[in-house]
4 protein chains.
Amino acid sequence: MNGCDHLVKAAVLTAPNQPIEVQEFPRPEKLEDGAALLKVDLAGICGTDIHLWHGRLKIPYPVIPGHETVGTLEEMGKGLEKDLLGKPLSVGDRIYFASGVDCGRCYYCQIAKEQTRCINRKVYGITLSCKSPPYLFGGHSEYVYLLPKAYLFRVPEDLPTESLVSVGCAAPTIIHGIEVVGVEAGDSVAIQGAGPIGLFALALAKESGASTTVVIDSVKERLEVAREMGADFLINTNDAISPQERVQRVLDLTDGIGADVVLECTGSPNALDDGLLMCRDSGRYLVVGHFTDRGTTAVNPHLITRKQLKIYGSWGMAPRHYYKALKILRTIHRKYHFEKLITHTFSIEKAQEAFETVENRKAVKAVFKP
Amino acid sequence: MNGCDHLVKAAVLTAPNQPIEVQEFPRPEKLEDGAALLKVDLAGICGTDIHLWHGRLKIPYPVIPGHETVGTLEEMGKGLEKDLLGKPLSVGDRIYFASGVDCGRCYYCQIAKEQTRCINRKVYGITLSCKSPPYLFGGHSEYVYLLPKAYLFRVPEDLPTESLVSVGCAAPTIIHGIEVVGVEAGDSVAIQGAGPIGLFALALAKESGASTTVVIDSVKERLEVAREMGADFLINTNDAISPQERVQRVLDLTDGIGADVVLECTGSPNALDDGLLMCRDSGRYLVVGHFTDRGTTAVNPHLITRKQLKIYGSWGMAPRHYYKALKILRTIHRKYHFEKLITHTFSIEKAQEAFETVENRKAVKAVFKP
Amino acid sequence: MNGCDHLVKAAVLTAPNQPIEVQEFPRPEKLEDGAALLKVDLAGICGTDIHLWHGRLKIPYPVIPGHETVGTLEEMGKGLEKDLLGKPLSVGDRIYFASGVDCGRCYYCQIAKEQTRCINRKVYGITLSCKSPPYLFGGHSEYVYLLPKAYLFRVPEDLPTESLVSVGCAAPTIIHGIEVVGVEAGDSVAIQGAGPIGLFALALAKESGASTTVVIDSVKERLEVAREMGADFLINTNDAISPQERVQRVLDLTDGIGADVVLECTGSPNALDDGLLMCRDSGRYLVVGHFTDRGTTAVNPHLITRKQLKIYGSWGMAPRHYYKALKILRTIHRKYHFEKLITHTFSIEKAQEAFETVENRKAVKAVFKP
Amino acid sequence: MNGCDHLVKAAVLTAPNQPIEVQEFPRPEKLEDGAALLKVDLAGICGTDIHLWHGRLKIPYPVIPGHETVGTLEEMGKGLEKDLLGKPLSVGDRIYFASGVDCGRCYYCQIAKEQTRCINRKVYGITLSCKSPPYLFGGHSEYVYLLPKAYLFRVPEDLPTESLVSVGCAAPTIIHGIEVVGVEAGDSVAIQGAGPIGLFALALAKESGASTTVVIDSVKERLEVAREMGADFLINTNDAISPQERVQRVLDLTDGIGADVVLECTGSPNALDDGLLMCRDSGRYLVVGHFTDRGTTAVNPHLITRKQLKIYGSWGMAPRHYYKALKILRTIHRKYHFEKLITHTFSIEKAQEAFETVENRKAVKAVFKP
Ligand SMILES: [Zn+2]
Ligand SMILES: [Zn+2]
Ligand SMILES: [Zn+2]
Ligand SMILES: [Zn+2]
Ligand SMILES: [Zn+2]
Ligand SMILES: [Zn+2]
Ligand SMILES: [Zn+2]
Ligand SMILES: [Zn+2]
């Protein structure tokens, strides 16, 4: 393990709030049966990565971050022959994979059939440490090592890597969310927040037949992106309008009734105050953006009873949501030009700068191209 | 309209917080086409009646209260020939009827198919005034007048009047609620509150196949009734146990997982704090008891996202829930002895005493027998 | 309309298999309260009209056919002030209306909540006779008379009459069908039959997010229309391919798995033989096109059990499906150019020719423009 | 078991239609990591076993049959520490296990989330041969060997072995079926067939709140068992009644409407003819009994469209249905006395006689007690 072509550069979070280090790891010499080694082509940087950096989630430092990755299959462990759909795999294939791996044998995996709540869940780039071999469990690296039970998908030739990574974890996250809350042809859909989740939610709501879409955010540039993606109406919360006015605006845009579906993609607790009022009676509300604990908000249960609301939470994503991301993106990527969301591309060496760029909201989407 | 047998005694709410008056009204001489006149056999007094008395809901005073009524068909308007199920009606039939009447032509009636949110909804005993003829729109009266569009059901012979009135509006309310939230065979169900709604929820959860039922209340006597009805476990919140302990107790009773379904039947906003924690991940929570606005409670949206919860509101009931109440009660009334819930029976003249008895929680169920 | 301006020309089916007569009826002088008189702008001719002509459905001859109508509000009965969505109505408004009117009070209307199975259902242009005043119950006429309980919708200004009538009863029919069977983003959808129902099913499946659509028919011209509307794949059953090959073709187009959803829109019983095999295991099959009894086909129940299929029927449409048709068409009509489906326009006087044109499948869509 | 105590007696199907052999196999000396060895306490004989005997399903002969087994944990492979619910396992525990083992990694396991359609599914007692070590893959044996990925459940102390084995594979099968078709409180349920599946379906329908149950069969003794289990109505198809009369009888018992739910548990194709007519409009029909291919029946698609039916297939069962069987049986076994269904008990040596007894329908339920 000497000579520079056996070393792999990776960004490392060593402890909460420390500078991002660029470390070198040995390239795995021999893969376990069923494992895979990918050369990373493109790896997204996500808001969650910033949370990990600042210690807002408990993870086993040191960790190589990166859970939005497409790579090239460079080595295959014995027995790895097919992807999750049964398609043959060969060295050189472009690979997309589920960042989360469940155990398949706990109450949530087998009884409740809610894999994302698996009590033994591991997530590449988040809960797998780089303390011991084979180290390379995150996408912000030149290589990523996939354990035998990882869920791999061969990327169809007509789907560019940029289209997949640009929508990163937002795509499978919101595919899961909309699977839960449901959007049908003719529905009116209000979307709180025009970050990555909200923007992909907009695209998916439109593709699911939403006949009216309203996007609500405080950042003009994000709203502009929503407009380009085809949002029917925009509400800028900075335009001096009060919560009452915001709600009224949504009512006005929906024949005075309220939205059939409201998607909360801001992660801000008090977004619920407006959101529940924006729903029509018997409407559906998805609370999908609250991956970290940012505290409580005052909710009136009488509102839930009287309006007969349906409120759904949705956590993370399972392999089927990656599968659907591939199918859906292959169909729609040309229409929405998701690849244009990538405004910043970094080498691994510039990891610190990359993280700061994301933290300071200078990028729509930033990626590593190792 | 002279001679005492043409006068009808009824309890009247004249204005918020005034003594309950007993007034006399003329017995309707001629019915509109399709209308019906019932001689009241038994009419329940419900917590909502107390709210109406104290002005906690906006209603068109003066009002004859009473929305839980079984009566004998005494007169039939021209064209009234069948009940809602197409069964022929004759004078002398025992009649059960939906207290709420929807318009059938608004957005909620026709498009959203959520009749209980009809924007033109009228409710006997609540939103219909006794200011003008035919006056008799409430059950706390010797007679009740049903408008042409009322939904009537002939009561099956083998179903006693007491069995129906004892479970009053709680039965169709919770039948609606469980239609929304779902209870399947094998489910564990925790019920917050052992008032009329909670107790009927217990019976219905058991009949729907719940294999574990936990009832939570602060009143020993109510918990005793729950025990007699077959609750598997009871939690008395007065037994010096903290919210944490309450939640832990439910976890312990459900293999450490939490309840598949939690039914909030207390109407107390902060019941949600415990309730959401008592649900297992991806569990279902029904907020059914919040018919009046009793303020807010602090909810953490992260909990909804992370636990992937499903939270449902359910308001009132539609004719189909009365239909199901008849079917279900006919099957189960002998097993649960609901008639024993009636601990106090009053004449109309004793209306003031009756309302005070209910207000002071001295009765399990109080009824008028005019 | 010259000569006596109190006479209304209408096409009349006098008895099974008789020539279509053009008769004159008195223009209603005074409307009942709540009724409406529309001057017909455009009225579609549907396959069902041909069935009525040939006596394949029992109807109360004589009947003015026509159940796909848009007209201009010419007179309003007292009390008619708003459409079903609560929008104010005035003379001159363009009106779209539900051809079916349910009773709102039978088991299917109130208990099962399946209006299309109302036991007292009336359908304009089908089950209402023109034997007695006000006669004008069908759209193939200069005027149509809407009874007080009809469900009216004001047509939005930006939705052309042609866009609505071109998709006729097919639009609400398949909106209902897809409400029942469900199509989600990423689904693969196979459509048997490229007639009006199949073609609108194609558009709606695509709008609901189908990522793969396969249309199967024996008529080259219809398949061409499907291609123009964006079908991903076409199968011409006349291309000497066997049923086995047809099924295999669908499997090949869906990764060897079968379609997530198959929509049977041919009305031919033996379409089920292929259709059930085209579904993937646990797939969904909609039997929507079988409005007349064309006999049986051999089905193997083992297939249903082993493949764990879900098979749904869907009959007619309710007012909410007209509402959704308006919403959806307003969003998508520019994209699909449905108005181009109208290949033949007739005056009422040419009714016989019009019906023959439809019967002989010379038209994609034929309409009356009185 | 005398002589060599390292030999295990087991019934073996050597080839289609051959006598059942009793063979001896070596007791496994060392278990793989994660595997388990059970001493069989009780093993049911099911109709499927008779099909296997007669070669009606393709299986890898020789096979030790038996897929309804409860045994005592005698040896544990390294790493086997907990059951599927996370409960600690020790030698001496009573064990219930899922006969089917899925791969967890195919399209049906991960994408469609329909484990019972896993393309790599293995079933103990059916698809696992006893040709090579460790041989013991069926329950009709003194010991059964469970591979590392088997799904084990520790049986609760208060649930007798007889209660579990008496309802054999019928319990998880119909738990799956009713999960799919749904039965709610107040539903009327007609059950075609009073064999093991039909009888457990009756119990589960009642426990799920069915207010009217009708059981249809041609065998008087089976109907008697249904009556004892609480069926509300029985129809003996041998009582000279025609199919029309059978259907009419069900309509009469359901207010002239038809059953909300019909469960087909006969496995006879032409049962569908009656069954679809017994459903009310928009009713639900479960085709659960057709595990072998017994040919086709004539179905009229117009019936499916016009009646707006929902028809569901359900194949086999997944681990969660075993889990629910444990929960449900623990709650209800005392009420239904399922253990009394066991009318015949055999030693392994009497395998031939046991199979003949089941084939000749002399037993309600026959079991091996090795
Ligand atoms: Zn797990
Ligand atoms: Zn992310
Ligand atoms: Zn209404
Ligand atoms: Zn009440
Ligand atoms: Zn038509
Ligand atoms: Zn009706
Ligand atoms: Zn079996
Ligand atoms: Zn599998």
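## A tour of the domain interface in chain A

Across the interface of domain 1 and domain 2 of chain A there are seven residue pairs in polar contact, both residues at pLDDT 80 or more (a pair of N or O atoms within 3.5 Å; within protein, one must be able to donate a hydrogen and the other to accept it, and residues adjacent in sequence count only if both atoms are side-chain atoms). You are looking at a predicted model, in which local features need pLDDT of at least 70, side-chain atom pairs count only at pLDDT 80 or more, and totals for chains, interfaces and linings use all residues. Residues are numbered from 1 along each chain as its sequence is written, chains are lettered from A, and side-chain values use heavy atoms, with hydrogens and water left out.

With ten residues, H10 gives the largest share of the domain 1 side that touches domain 2. That side divides into twelve nonpolar, four polar and five charged residues.

Now colour the two domains: 4-168 + 317-368 is domain 1, and 170-313 is domain 2, with bounds from an automatic or database domain assignment. Their C-alpha centres lie 28 Å apart.

Then show the buried area (accessible area, 1.4 Å probe, that two parts lose on being put together, summed over both). It is about 1700 Å², and carbon and sulfur atoms give 67% of it. Pick Met317(A), His321(A) and Tyr336(A): in domain 1 these lose the most area to domain 2, together 30% of what that side buries.

Finish by zooming in on Glu207(A) and Lys335(A), whose side chains meet in a salt bridge at 2.7 Å, N to O (the rule: a side-chain nitrogen of Lys or Arg within 4 Å of a carboxyl oxygen of Asp or Glu). Three salt bridges are found across this interface.

Conventions: Helices (H or I, at least four residues) and strands (E, at least two) are DSSP runs, numbered from the N terminus. Ala, Val, Leu, Ile, Met, Phe, Trp, Tyr, Cys and Pro count as nonpolar, Asp, Glu, Lys and Arg as charged, and the others, Gly among them, as polar.
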